[in-house]
Amino acid sequence: MKESFKILIIDDNEIDRFVHRKLLLLHKISDDVVECNSGKEALHYLNTLEDSSEDIPDVILLDVMMPEMDGFDFLVHYERLHKKFEKEPIVFMLSSTEDEEDIRRVRQNKRVKHLLKKPFSPAAFQRAMEKAQES
Amino acid sequence: MTSTLSKKNIRVLYLDDEENNLRSFKAAFRREYDVYIANTSEAAFNIIKSVSPQVIFSDQRMPVTTGVEFFNAVRQVFPDPVRILITGYTDVNDIIDAINKGHIYRYITKPWSEHEVRVAIDNAFDLYETRRKLEQKVEELEKSNHELNRFIYSASHDLRAPLASSLGVIRVAKMEVKDKLSKEYFNKIETSVKKLDIFVQNIINYYKNSKKGDEHVEIVFADLLEDVLESLKSHLGSEDAQIDLEIEQQNKFMGDEFRIRVILSNLISNAVKFKKEDQDKARVAISIKSDLEKCFISVKDQGMGILEEHIHKVFHMFFKSSSDHSGSGIGLYIVKEALGKLKGNIEVKSKPGSGTEFDITIPNHL
């Protein structure tokens, strides 16, 4: 992967956001990271973007477990909004538990390309990215 | 006498269309029990509604409905009271049928004796009480089970999330910190946190395995294995293990994904972990073959092996064959438990110094 990705991180956990941002930077995957601490904030941020904006993220890293609006709730709202974008962000979900129910829901959701396990692994991210770009 | 007093709490309803029978019944038992009488099934229903008797007697032969019909109707709405039929010898077939279908608990033939009815009431009341206590226990158990499930679900997340955060921070620190001593410290912290992490996940898996019902979904072994290896890689840091795969899946396989995943990931992580001291890379050969009936999984390593005197103990809880390794002694125990639930089988062959092989079969629920 040569190009640098624009990445949107949606996670209520501040330390995890920090870890993700750092690892993306240190592994030269992205130096263009936007952080949102809730699904609501992320929806608001995405709403402010023009359809053809340069700032539309290439990748959205979405935490499964968040208070109020969890990752899956966010996706429901996101479905209604994302259609206007010219380029379609790749969505990966993040979880610290290997919950069967979550795995199944991710598989059934065609918007989500992969469920990444925390702690964030750049190698796993890159493998998932290659797969997502192939399809 | 206390026994007589305590019997006063037993509420008995008697339904019969003949007033004489009702009167003599009440006269005979009113001192020992709370006796209610009714001469129509409507009146009987009203009494059941208002006083909820534990024991109900009914005559079989009545003008509008028979006793069996009445009990069948009662049972739909009030399943708890114990039902006893009073009858002559002539209605045998109806009675056998009613007993077999569970409409009534027992019958008493006419003319009844006081002693017989008394024994019947006491037995019926015992049954009623036993059932009630059982129901109560089941309810309590369901409640605590439900609470435990919720607790484990949130505990598993709340335990795992900060561990994952710590491991993430350590990962960042190890890249950014240049000082050699600090790096060494971070390595030590990481080793400990990973140990705790594996233990937490094992405990969650152990619990889930013991609680979860069988759920059969289609399993594509290539995908499942890829998933398992992916998650082991980020976890064990087993990037440098050499893993040979051989998958031959000819048919659709239906099985419990959670348990098969737990089995695979425990066996593979052991195979990677217990390499020989002088091996720089663990070598693991995984083979999965499945047909219409079952799948055969073999996980073979060239690691340190298991001493012969230990081999029958490896599936015991908290058994560790070596003290200097990072096992928690619960992994293989969970494998064995999970296979028990799946009605599968496991065999282990091992030679110290040359490696271990686990062979597993799991039935296909096609």
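**Contacts, cores and helices**

Q: Which residues does B:A271 touch, not counting residues up to four places away in sequence?
A: In this predicted model, B:A271 touches B:A282, B:V284, B:V299, B:D301 and B:G303, with residues up to four places away in sequence left out.

Q: What is the largest nonpolar core, and which residues have the most contacts inside it?
A: The largest nonpolar core has 38 residues, and those with the most contacts inside it are B:I263, B:L267, B:I268, B:A271, B:V284 and B:V299.

Q: Where does the largest share of this core come from?
A: Helix α9(B) supplies the largest share, 9 residues.

Q: Changing topic: at what angle do the axes of α7 and α10 of chain B cross?
A: The axes of α7 (residues 180–211) and α10 (residues 331–342) of chain B cross at roughly 15 degrees and come within 10 Å. Because angles under 35 degrees count as roughly parallel, α7(B) is roughly parallel to α10(B).

Q: Is the crossing of α7(B) and α10(B) left-handed or right-handed?
A: The crossing of α7(B) and α10(B) is left-handed.

Q: And how many residues of chain A are in contact with chain B?
A: On chain A, 18 residues are in contact with 17 residues of chain B. Helix α1 (residues 14–26) of chain A gives the largest share of the chain A side, 6 residues.

Key: Residues numbered from 1 in each chain as written. Chains lettered and ligands numbered in written order. Predicted model: local features only at pLDDT ≥ 70, side-chain atom pairs only at ≥ 80, totals over all residues. Axes fitted to C-alpha atoms, helices over the stretch in contact; angles between N-to-C directions. Helix = DSSP H or I, 4+ residues; strand = E, 2+ residues; numbered from the N terminus. Parallel < 35°, antiparallel > 145°, perpendicular 65-115°, else oblique. Left-handed = near helix turned anticlockwise from the far one by under 90°. Contact = placed C-beta atoms within 7 Å. Core = buried A, V, L, I, M, F, W, Y, C linked by C-beta atoms within 7 Å. Buried ≥ 20, exposed ≤ 12 C-beta atoms within 10 Å, placed from the backbone.
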